[in-house]
Amino acid sequence: MTTALKEWPLWEVFVRSKQGLEHKHCGSLHAADAAQALDMARDVYTRRQEGVSIWVVPSAQITASNPDEKGELFDPAADKIYRHPTFYEIPDEVGHM
Amino acid sequence: MYTQSFNVPDAPDGKTVPLAPSKEDAALQAAFDTRIDADGRIEPQDWMPEAYRKTLVRQISQHAHSEIVGMLPEGNWISRAPSLKRKAILIAKVQDEGGHGLYLYSAAETLGTSRDQMLEGLHSGRAKYSSIFNYPTLTWADVGVIGWLVDGAAIMNQIPLCRCSYGPYARAMVRVCKEESFHQRQGYEALLVMMTGTEEQKAMVQDAVDRWWWKCLAMFGPPDADSPNSAQGMRWGIKRVSNDDLRQKFVDATVPQAKVLGVTLPDPDLKWNEERQHHDYGRIDWNEFWETVNGNGPCNKERLATRVKAHNDGQWVRDAALAHARKQQSRNMKEAA
């Protein structure tokens, strides 16, 4: 039996569940090319009308942030509470603002 | 969707990696433990102990194999379904199982194994899959009973896996569980219809229940006292509920369903225990279970041979698709040049 080194490349699948909403990552699959990846994504991820549009992206093309740098990247936002509307006290009589 | 709620060791491949923890590893291990203790999630790029990774690869790939092999016993009945409606339902269910296998293979691949490696494990007989598929589907009633009991048992087991500590596995299980309840309900409903039929049809349902009941109880895995790996799985947040607790839940849920259906569950010791507020049930034949897990069930050879043949017969399709993709690519490059 020969199975080695003939794998189809990996694709990430993004599905828009309904017009007006964003495409959301829903999983991955192997396919020989983009057209086949779209066909397979339809069969694998939208068997129950989960989508109205599909994007496929070669997994190798995605650049991800490094989990080790999570602190440096995201922690600085934690002490900037003045970026949130609830930081500001407004008199009640002003009503909704 | 199907899984054995425990993780049977695959046959040894002769490779053991000696572990020599360094100081850096100890710090990483501590960070990992803290996250697990806080019921946090682990994602593919995060550091994880090698044993956690290996356990997950084994469990998720066994789970994926079970989905794929699980297509075979029911697939046998597609051409013999009693009506066009039942045929369409069965095709949809079998297609779902294929999809579930794909979600799970993808989840396992995030841990650094490849699809080819996993398929090689399955096809060579080294990797395990759920023992339940090594029993034959003798009549149409078996298809209904597989939906009701086998999928029912699988659902019990899979719902807690939606909270598994490994993100991609948990997300795959959420997707699977959403699709799963159709599987159980279609099976139960098919049996309800048969039970309004002739005496012969009713007897067929009872016979199928008699043959599958004990095997479904065994699907939850050995008693807690005999599953040494369970504690580690619990510690890692991979397993959330013990084998015996899941089994008990399944028995308690199934008894009233059997009553509505009008069948008897084949266990003289099955009765309500007022004190425990649960049903007591009889002894499971673990010898038979292990015989089947270890390759000596009635259909082990046939299932594996069918699976390998299907894969080999599809080789030319995979080759052709790759050749086509390459040709398109080089044509596009020529046009661009």
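Relative accessible area, computed with a 1.4 Å probe on the protein chains only, sorts residues into buried (under 20%), exposed (over 50%) and partly exposed (in between). By this criterion B:Asp39 is partly exposed, with a relative accessible area of 43%. The model is predicted, and local features need pLDDT of at least 70, side-chain atom pairs count only at pLDDT 80 or more, and totals for chains, interfaces and linings use all residues. Residues are numbered from 1 along each chain as its sequence is written, chains are lettered from A and ligands numbered from 1 in the order in which they are written, and side-chain values use heavy atoms, with hydrogens and water left out.

Secondary-structure elements are DSSP runs numbered from the N terminus, with helices (H or I) of at least four residues and strands (E) of at least two. B:Asp39 belongs to the loop between α1 and α2 (50–75) of chain B, and its phi is near 60°, a positive value in a residue other than glycine. Most residues other than glycine have a negative phi. A:Gln49 is placed in the loop between α1 (34–45) and β3 (53–58) of chain A and, at 75% relative accessibility, counts as exposed.

Two packed helices are described by the angle between their axes and the distance between the axes. Here axes are lines fitted to C-alpha atoms, for helices over the stretch in contact, and angles run from 0 to 180 degrees between N-to-C directions. In chain B, the axes of α5 (residues 140–158) and α6 (residues 167–195) cross at roughly 145° and come within 8 Å. This crossing of α5(B) and α6(B) is left-handed, a term for a near helix turned anticlockwise from the far one by less than a right angle. Contact (heavy atoms within 4.5 Å) involves, among others, B:Trp140, B:Gly144, B:Trp148 and B:Ile155 of α5(B), and B:Met173, B:Cys177, B:Gln184 and B:Leu191 of α6(B). Residues are classed as nonpolar (Ala, Val, Leu, Ile, Met, Phe, Trp, Tyr, Cys and Pro), charged (Asp, Glu, Lys and Arg) or polar (the others, Gly among them). The contact of α5(B) with α6(B) has 11 nonpolar, nine polar and two charged residues.

Helix α6(B) also packs against α7 (residues 199–218) of chain B, their axes coming within 8 Å and crossing at roughly 145°. On the α6(B) side B:Leu191, B:Met194 and B:Met195 take part, and they meet B:Gln201, B:Lys202, B:Met204 and B:Val205 in α7(B). Five nonpolar, one polar and one charged residues make up this contact.

Grid points are joined across faces, edges and corners, and a volume is the space filled by probe spheres set on the points. The largest pocket has a volume of about 1300 Å³. Its lining comprises 36 residues, of which A:Glu12, A:His25, A:Cys26, A:Gly27 and B:Arg171 are the closest to the centre. At least two lining residues each are supplied by β1 (10–16) and β2 (23–30) of chain A and by α3 and α6 of chain B, and α6(B) gives the largest share, seven residues. The lining of the largest pocket has 15 nonpolar, eight polar and 13 charged residues.

Two cavities of 30 Å³ or more were found.

B:Asn134, in the loop between α4 (115–123) and α5 of chain B, counts as buried at 2% relative accessibility. Leaving aside residues up to four places away in sequence, B:Asn134 touches B:Tyr129, B:Thr292, B:Gly297, B:Pro298, B:Cys299, B:Asn300 and B:Arg303.

Technical notes:
1 Å grid on protein atoms, 1.4 Å probe; cavity = no way out; pocket = protein on both sides within 12 Å on 5 of 7 lines; lining within 4 Å.
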